[in-house]
Amino acid sequence: MAMYHSVTDCPDDPYRITVTPDRLERQLRWLAVRGVRGVSMAELLAARARGEGRRLAGLTFDDGYADFVDHALPVLRRLDFGATLFVLPGRLGGDNAWDPLGPRKPLLTADGIRQAARAGIEVGSHGLTHIDLTAADDLRLKAEVVESRAVLEDLLEAPVEGFCYPYGTLDRRTVEAVRSAGYRYACAIDPGPLTGPLALPRVHVGQNDDAVRLFLKYRLHRLRRRPVEGL
Ligand SMILES: [Zn+2]
């Protein structure tokens, strides 16, 4: 599974979370040429459950930046690729205020999220406000996990199956909270021994990942994730 954040022509990027639309298109075309199709996490996991999906790559976009609709969606549509967008329903139309150093980047409004969903993009929860859930007390943890799902399901009038841990930080307690909130899967970054359907590893793809590095990441990732295949 490949993890993206923001897609725009933005030179000021201290967290290295931005790729340009051109670079995104080149990376995804590179997969397409090799017979690999980018899909949402829901589609990937459904295929794996049927024992398929070897030529599929899960594509995820974290935080729900407004530039997703303007810059990533057209690229995905040109290639007929799917993806999962993890949004923050507690910050609709807000910005990435949780990044103290980075440039302010606007987040999608409710309408923008609906627009992505109408275009076939899977929408999942990234919590309400982007906090480190392992540092939250029980009440706050529950609100972030349960309320974010309820708000999104209201907004989309559809079930929300996926969660994504802010910062990729998780522990047994947060995984349990995600499980009891009813999510079917959750994305992390490098969850180590917690790896499973509610702690799926992902690879960060950045602006400097040329085709060769992307290929190596893809192969390594396939090897690493083998223990969770067949979920
Ligand atoms: Zn995030």
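Trainee: Quick one before we start: what counts as buried or exposed here?
Mentor: A residue is buried when 20 or more other C-beta atoms lie within 10 Å of its own, exposed when there are 12 or fewer, and partly exposed in between, with C-beta atoms placed from the backbone. Helices (H or I, at least four residues) and strands (E, at least two) are DSSP runs numbered from the N terminus.

Trainee: And where does the model come from?
Mentor: It's a predicted model, where local features need pLDDT of at least 70, side-chain atom pairs count only at pLDDT 80 or more, and totals for chains, interfaces and linings use all residues. Residues are numbered from 1 along each chain as its sequence is written.

Trainee: Okay, α6. Which of its residues are buried?
Mentor: Helix α6 spans residues 172-180, and T174, V175, A177 and V178 are buried in it. Looking down the axis, those buried residues fall within an arc of 160 degrees (taken from the directions from the helix axis to the C-beta atoms), so they line one face of the helix.

Trainee: What's on the face turned away from them?
Mentor: R172, E176 and S180, which are exposed.

Trainee: What do the buried ones pack against?
Mentor: α5, β8 (162-164) and β9 (185-187). After α6 comes G182, with a positive phi near 100 degrees.

Trainee: How do α5 and α6 sit relative to each other?
Mentor: Their axes are 9 Å apart and the packing angle is about 40 degrees, which makes α5 oblique to α6. Axes here are lines fitted to C-alpha atoms, for helices over the stretch in contact, and angles run from 0 to 180 degrees between N-to-C directions. Under 35 degrees is roughly parallel, over 145 roughly antiparallel, 65 to 115 roughly perpendicular, and the rest oblique.

Trainee: Left-handed or right-handed crossing?
Mentor: The crossing of α5 and α6 is right-handed. That's the label when the near helix is turned clockwise from the far one by less than a right angle; anticlockwise gives left-handed.

Trainee: Which residues meet there?
Mentor: L141, K142 and V145 from α5 meet T174, A177 and V178 from α6. Contact means that the C-beta atoms of two residues, placed from the backbone, lie within 7 Å.

Trainee: Now α4. Which residues does it bury?
Mentor: G112, I113 and A116, in a helix covering residues 110-118. Their arc is only 100 degrees around the axis, which puts them on the same side of α4. D111 and R118 are exposed on the other side.

Trainee: What covers the buried residues of α4?
Mentor: The cover includes α3, β6 (84-87), β7 (122-125) and α5 (138-156).

Trainee: How does α3 pack on α4?
Mentor: Their axes come within 10 Å and cross at roughly 15 degrees. That makes α3 roughly parallel to α4. F68, V69 and L73 of α3 make the contact with G112, Q115 and A116 of α4. The crossing is left-handed.

Trainee: And α1 with α3?
Mentor: Helix α1 (residues 21-33) packs on α3 at about 25 degrees, with the axes 10 Å apart, so the two are roughly parallel. The crossing of α1 and α3 is right-handed. On the α1 side, P21, L24, E25, L28, R29 and A32 take part, meeting H71, A72, V75 and L79 of α3.

Trainee: Switching to the core: how many residues are in the largest one?
Mentor: The largest nonpolar core has 58 residues, and F68, A72, L85, A116, V123, V178 and A186 have the most contacts inside it. Helix α3 (residues 67-79) gives the largest share, 6 residues. Such a core is a set of buried Ala, Val, Leu, Ile, Met, Phe, Trp, Tyr and Cys residues joined through C-beta atoms within 7 Å.

Trainee: Take V123. What is it in contact with?
Mentor: Skipping neighbours within four places in sequence, V123 contacts L85, V87, I113, A116, A117, L152, L156 and V160.

Trainee: Last topic, phi. What's up with D80 and H130?
Mentor: Most residues other than glycine have a negative phi. D80 isn't a glycine, yet its phi is positive, near 60 degrees.
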